[in-house]
Amino acid sequence: MITEKEAVRISKFLSLVLRHQPETIDLVLDENGWADVTPLIDKCNQKGITLNRELLEHIVATNTKKRFSFNDQKDQIRANQGHSIDVDLALSVQVPPDLLYHGTAERFVSSIKEQGLIKQQRQHVHLSAKQSTAVQVGQRHGKPFVFSVLTAQMHRDGFVFYLSDNGVWLTDHVPAKYLSF
Ligand code: HQG
């Protein structure tokens, strides 16, 4: 099997092509974000990302955040969340827990207190059920800062939430009045 380092390298490349820029390898995603596995493997290899079906299955199974899923027939694959391209994951609406968390960097805090949480380049604002996950997400951007999100109130007020297949809570926008810090 491959080293952890190589698995991370491949996973990052898969995130790039399945979430953001399929055109870098001439890959086509359908409207629900699915890519056919065979051309994906071929096109990755052409770009110097050594991949075969066994390796891909290993990465899908062992990826720390379960970032990717196969369809039932295992002939298509997609990213479970995090897209910047316009795909419809066709997730069903879910009732959120009373509180969720959003991790960010301290330098964004004043802007977030004014504007609320904005999805920026991605299709959704990403929230987590665990505070510890939010700290890790925030650390990607700098010194972490965690907002609590009053999701029970948002739900009561008609805001809609989705849960990705890998357990990330998604919503369109969190107005500042629902943030607690
Ligand atoms: C911030 C990773 C200023 C927001 C993670 C964040 C997640 C604002 C940044 C997933 C703002 C966007 C997504 C406002 C939001 N003013 N800054 N009004 N509203 N922001 O990467 O949530 O590892 O697009 O706080 O684990 O950090 O890739 O979003 O800091 O699940 O699988 O704007 O990506 O998953 O950054 O991360 P991002 P995110 P993976």
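**View 1. Domain assignment of the chain in the predicted model**. Taken over C-alpha atoms, the centres of domain 1 and domain 2 are 27 Å apart. Because domain 1 and domain 2 both give residues to the shell around the ligand, the ligand lies between them.

**View 2. The shell around the ligand**. The ligand is surrounded by 19 residues (each with a heavy atom within 4 Å of the ligand); the closest are Lys 65, His 102, Thr 104, Ser 111 and His 141. The shell comprises 5 nonpolar, 9 polar and 5 charged residues, with Asp, Glu, Lys and Arg counted as charged, Ala, Val, Leu, Ile, Met, Phe, Trp, Tyr, Cys and Pro as nonpolar, and the others, Gly among them, as polar.

View 3. The most, 3 residues, come from α4. Helices (H or I, at least four residues) and strands (E, at least two) are DSSP runs numbered from the N terminus.

View 4. Oxygen atoms of the ligand lie 2.4 Å from a polar side-chain atom of Lys 65 and 2.8 Å from one of Arg 122. An N or O atom in the side chain of Gln 115 is 2.9 Å from a ligand nitrogen atom. Of the 780 Å² of accessible area that the ligand has on its own (Shrake-Rupley method, 1.4 Å probe), the protein covers 88%.

**Notes.** Residues are numbered from 1 along each chain as its sequence is written, and side-chain values use heavy atoms, without hydrogens and water. In this predicted model, local features need pLDDT of at least 70 and side-chain atom pairs count only at pLDDT 80 or more, whereas totals for chains, interfaces and linings use all residues.

Key: Polar contact = N/O pair within 3.5 Å; in protein donor to acceptor, adjacent residues only side chain to side chain. Domains from an automatic or database assignment.
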